[in-house]
Amino acid sequence: MIALNFLDKDLIPFSGKETVKEAKSILEKYILNELPLLNHKKLKGIITKSDLHNYSDNVKISELPVELFESVGPQCHFFEIWSRIVESHLSCIPVVNDHDDYMGCIRQQTLLQFYGQSFALTEPGCIVVLSQRRLDYSLSKIAAIVEEEDCIILSSFVTETSDKGTILITIKLNCLEAQGILNSFERYGLEIVDVFSEEAFSDVLKERFNMLMNYLNL
């Protein structure tokens, strides 16, 4: 699966005409921490919640200084998109072509839902993302830690980070409560990047259902 398959057509990027107050409301509506800002059809940068808190409500967001965050190309594979979005702690990531034309945006939750359904069938559980030096990586050791807590790894994959000596290890566990496993990971020196519970998948469906109901009520 490539980036074009994950585009969320419901997400409308900032045009720059919005005020800070309007931008806050849009992020709250989409349940996101950031959203791309366009200059015509070109990606100018990303506006985050923290950016907005530094300005009064009536300021136009086109006046805010922005920096260009991570983006991916339309043919970028799922594994690379996942690595970029997790490493940068983004709730969404823009997709641009070779000419920097904005093509759409991908939610973190969309990737979570795809991973949960595709790489471990429909088994309930949680997803844990770990960071470790490549030289120290051993899936058998990680599996042993998990199994000590009466849990098993349903699926896993490894992706590179911007630091070529470090990797991200994403595992799906068959348990909903993983605090004991997380504590063990920390004792063994494994860095926990993020944890996603089963509720993360259902929240996507609930959110889209509510948006549909609001639309129909109009």
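**View 1. The whole chain and its surface.** The accessible surface of the protein chain comes to about 12000 Å², and 51% of that belongs to carbon and sulfur atoms. Keep in mind that this is a predicted model. Count up the secondary structure of the protein chain and you get 7 helices and 8 strands. Of its 218 residues, 44% count as buried. As for contacts between residues at least 6 apart in sequence, 62% join residues at least 24 apart.

**View 2. Inside the largest nonpolar core.** Here's a handy background idea: in soluble globular proteins, nonpolar side chains tend to be buried together. The largest nonpolar core has 23 residues, and F78, I81, W82, I106 and L111 touch the most other members. At least two residues of this core come from each of α3 (78-87), β3 (92-96), α4 (108-118), β5 (126-133) and β8 (191-196). The largest share, 5 residues, is supplied by α3.

**View 3. Zooming in on W82.** Leaving aside residues up to four places away in sequence, W82 touches L111, L112, V129, F157, T170 and F196.

**View 4. Another core.** There's also a second, separate core, made up of 20 residues. Look for F14, A23, I47 and V59, which are among them.

View 5. Y137, L139 and V158 make a nonpolar surface patch of about 210 Å². To find Y137, go to the loop between β5 and α5 (139-148). Is Y137 buried or partly exposed? Its relative accessible area is 31%, so Y137 counts as partly exposed.

Terms used
Residues numbered from 1 in each chain as written. Predicted model: local features only at pLDDT ≥ 70, side-chain atom pairs only at ≥ 80, totals over all residues. Heavy atoms only, no water. Core = buried A, V, L, I, M, F, W, Y, C linked by side-chain atoms within 4.5 Å. Buried < 20%, exposed > 50% of the residue type's maximum accessible area, 1.4 Å probe, protein only. Helix = DSSP H or I, 4+ residues; strand = E, 2+ residues; numbered from the N terminus. Contact = heavy atoms within 4.5 Å. Areas by Shrake-Rupley, 256 points an atom, 1.4 Å probe, with all protein chains shown as cover. Patch = residues over 30% accessible without salt bridge, like charges linked within 9 Å, V, L, I, M, F, W, Y side chains within 5 Å. Salt bridge = Lys/Arg side-chain N within 4 Å of Asp/Glu carboxyl O.
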